[in-house]
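Please open the model in your viewer and keep the selection tool at hand. The tour moves from a local contact to the overall fold.

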Amino acid sequence: YKNLIGFKGNIICGNINNKNDLMLLNDYKFDYIFHQAAISDTRLYNQELVMRTNVNAFNDILKIAKKNNSITIYASSAATYGSLPAPQTIGLESPENPYGYSKYMMDKMASYFAILNPSLLIIGMRFFNVYGPREFYKAKTASMVIQLAHQILDGKNPILFKNSNKIFRDFIYIDDVVQANIKACKSKNISNHEIYNVGTGESRSFQDVSNILQSELGTSFKNKYIQNPYNGYQSNTQADITKTRENLGFEPNFSLESGINSYINEIKRVHGSENS
């Protein structure tokens, strides 16, 4: 509930896997649907649950969009690319876990649905590594930015994988993600189904994140390095945002430094409220 404090609209409690819950939406007519609901844990291997939640429920959402002639903006993911070399480019996908595959199937479903319903506008947004306010309650799936920051604020050595200076991600601040979603709604330069990479177009190392956080927090803890326990781990993500720039007029406003600087007071506030 804490992420909803300050929200001005109607709140309807429901599970997108429950057909009866989805029927509660019949009382509304939607001009736009922002579909962000998903199981987003890339390390969850209950394939039936992931596919039912991410793929089957998306089909039900698209039917609601068809009924209302809604513009649908849905969350795809950089996980569709798997371990392919950077920069990641739309049309070259190789998912390596159930989550990434489910998002890839959502893209395929949206494309097919758009062919059958040419009047609809369905836009997939392949988010890269998003960080920023209101993510803390995702717990272990929250960004490494807030997780490392809270380790530091706890007075602990930030924990990184060995060779973190060689592990790169395209970190994008939440304000730029919101910008991309809004511009997708308004763009006139797209067909009825498009997919866009949403990142900064630059990759930064895990080591960079720790260094910037320590600079912002005024600390100088030594990093604790551990062996990476995961197989199929992406070594470098970097969004090719050429199409996103050209079609949506999207331009990221936040570097990793400026994004963390904008986020740091919220990181401190949440840390204090959770530990008071």
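Select Asn 223 together with Ser 210: their side chains are joined by a polar contact of 2.7 Å. A polar contact is a pair of N or O atoms within 3.5 Å; within protein, one must be able to donate a hydrogen and the other to accept it, and residues adjacent in sequence count only if both atoms are side-chain atoms. The model is a predicted one, in which local features need pLDDT of at least 70 and side-chain atom pairs pLDDT 80 or more, while totals for chains, interfaces and linings use all residues. Residues are numbered from 1 along each chain as its sequence is written, and side-chain values use heavy atoms, with hydrogens and water left out.

Asn 223 itself sits in the loop between helix H6 (206-217) and strand S10 (224-226). Helices (H or I, at least four residues) and strands (E, at least two) are DSSP runs, numbered from the N terminus. Next, display the surroundings of Asn 223: apart from neighbours within four places in sequence, Asn 223 is in contact (heavy atoms within 4.5 Å) with Pro 158, Leu 160, Gln 207, Ser 210 and Gln 214.

Now select helix H4, residues 144-153. Seven of its 10 residues are buried, so H4 is largely enclosed by the rest of the structure. Buried means under 20% relative accessible area, exposed over 50%, and partly exposed in between (1.4 Å probe, protein chains only). The buried residues of H4 are Met 144, Val 145, Ile 146, Leu 148, Ala 149, His 150 and Ile 152. Following H4, inspect Gly 155, whose phi is positive, near 80°.

Move to Phe 7, in the segment before helix H1 (19-22). Is Phe 7 buried, exposed or partly exposed? Phe 7 counts as partly exposed because its relative accessibility is 47%.

Finally, show the whole protein. Its secondary structure comes to eight helices and 10 strands. The radius of gyration is 19 Å, close to the 19 Å that the globule rule gives for 276 residues, so the protein is as compact as a globular protein of that length. This radius is taken over C-alpha atoms, and the globule rule is 2.2 Å times the number of residues to the power 0.38. Along the principal axes, the C-alpha atoms fill a box of roughly 55 × 40 × 35 Å.
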